[in-house]
Amino acid sequence: MVRFRAILNFKLGHRRTLQREIASARGVPSHQALSSMPFYPAEDIEQDERLSPKPSSKLDPGKGLPPTGKRKYRRHPKPDERAPEKPPSAYVMFANRVRDDLKGQNLSFTDIAKLVGEKWKVLDPEHKEGYEHEASIAKEKYNSEMQEYKKTESYREYNQYLSEFKTKTSKEGGREGSGEN
């Protein structure tokens with residue numbers, strides 16, 4: 001290892017510097033991100049194969065390079081604000097009550113989540129059934145409210161918005177590489 005440090009001129013603990021030196025030795029351009037660099041074991045690949053990038057079906061349309069890992073934002077339709085609110089599940093109802101009990105303690109979010117999960121796992125079937133019954137009642141109420149809501153003009157307007165949104169995004173999907181919005 002000491003010999004490689006002397007040859008490549010990097011300090012112990014400078015992993016990125018070492019990765020960049022290895023990438024440069026393999027012919028990867030310095031502007032290409034290290035995270036998008038494919039792994040080529042030296043023993044399995046001939047020298048000339050390592051120096052040329054492998055062809056990919058997922059090339060960036062404008063540059064001819066593999067994508068750097070950042071995904072393009074995909075628009076989503078706005079939620080229907082006039083629709084009835086979806087009911088919480090049995091677990092969420094239980095978690096809300098346990099969180100209320102733990103409110104006074106100085107616990108992090110992850111600690112609370114772990115405690116809630118552990119308590120749910122060891123909860124008696126009778127108590128769990130009570131939460132599930134409460135959740136099923138809330139779900140039945142939601143379904144009946146939703147049936148009533150589907151008869152309103154607001155629901156028809158939202159469905160019209162959704163259909164327009166879908167046609168608009170499907171048309172934009174064909175122009176992804178053009179830079180237009």
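The paragraphs below lead from the overall fold to the nonpolar core, a helix pair and the aromatic rings.

This is a predicted model, in which local features need pLDDT of at least 70 and side-chain atom pairs count only at pLDDT 80 or more, while totals for chains, interfaces and linings use all residues. Residues are numbered from 1 along each chain as its sequence is written, and side-chain values use heavy atoms, with hydrogens and water left out.

The protein chain has 7 helices and 0 strands, where helices (H or I, at least four residues) and strands (E, at least two) are DSSP runs numbered from the N terminus. Of its 181 residues, 19% count as buried, a term that stands for under 20% relative accessible area, with exposed meaning over 50% and partly exposed in between (1.4 Å probe, protein chains only). Among the contacts in the protein chain with a separation of 6 or more, 57% are accounted for by residues 24 or more positions apart, contact meaning heavy atoms within 4.5 Å.

The largest nonpolar core has 12 residues in all, including Ala 90, Phe 94, Ile 112, Trp 120 and Tyr 131; such a core is a set of buried Ala, Val, Leu, Ile, Met, Phe, Trp, Tyr and Cys residues joined through side-chain atoms within 4.5 Å. Two or more residues come from each of helix H4 (90–101), helix H5 (109–121) and helix H6 (125–149), and H4 gives the most, with 5 residues. Leaving aside neighbours within four places in sequence, Ala 90 is in contact with Trp 120, Tyr 131, Glu 132 and Ala 135.

H4 and H6 pack at an angle of about 115 degrees, with their axes 8 Å apart; axes are lines fitted to C-alpha atoms, for helices over the stretch in contact, and angles run from 0 to 180 degrees between N-to-C directions. In this packing, Ala 90, Met 93, Phe 94 and Arg 97 in H4 meet Tyr 131, Glu 132, Glu 134, Ala 135 and Ala 138 in H6.

Turning to the rings, those of Phe, Tyr and Trp (its six-membered ring) pair if their centres lie within 6.5 Å, and planes under 30 degrees apart count as stacked, over 60 as edge-to-face and the rest as tilted. By this rule the count comes to 7 aromatic pairs. The rings of Phe 94 and Trp 120 have centres 5.2 Å apart and planes at 50 degrees, so this pair is tilted; it links distant parts of the chain, with Phe 94 in helix H4 and Trp 120 in helix H5, 26 residues apart. Both Phe 94 and Trp 120 are buried. Tyr 149 and Tyr 155, by their ring centres 5.7 Å apart and planes at 80 degrees, form an edge-to-face pair. Ring pairs also link Tyr 91, Phe 94, Trp 120 and Tyr 131 into a cluster.
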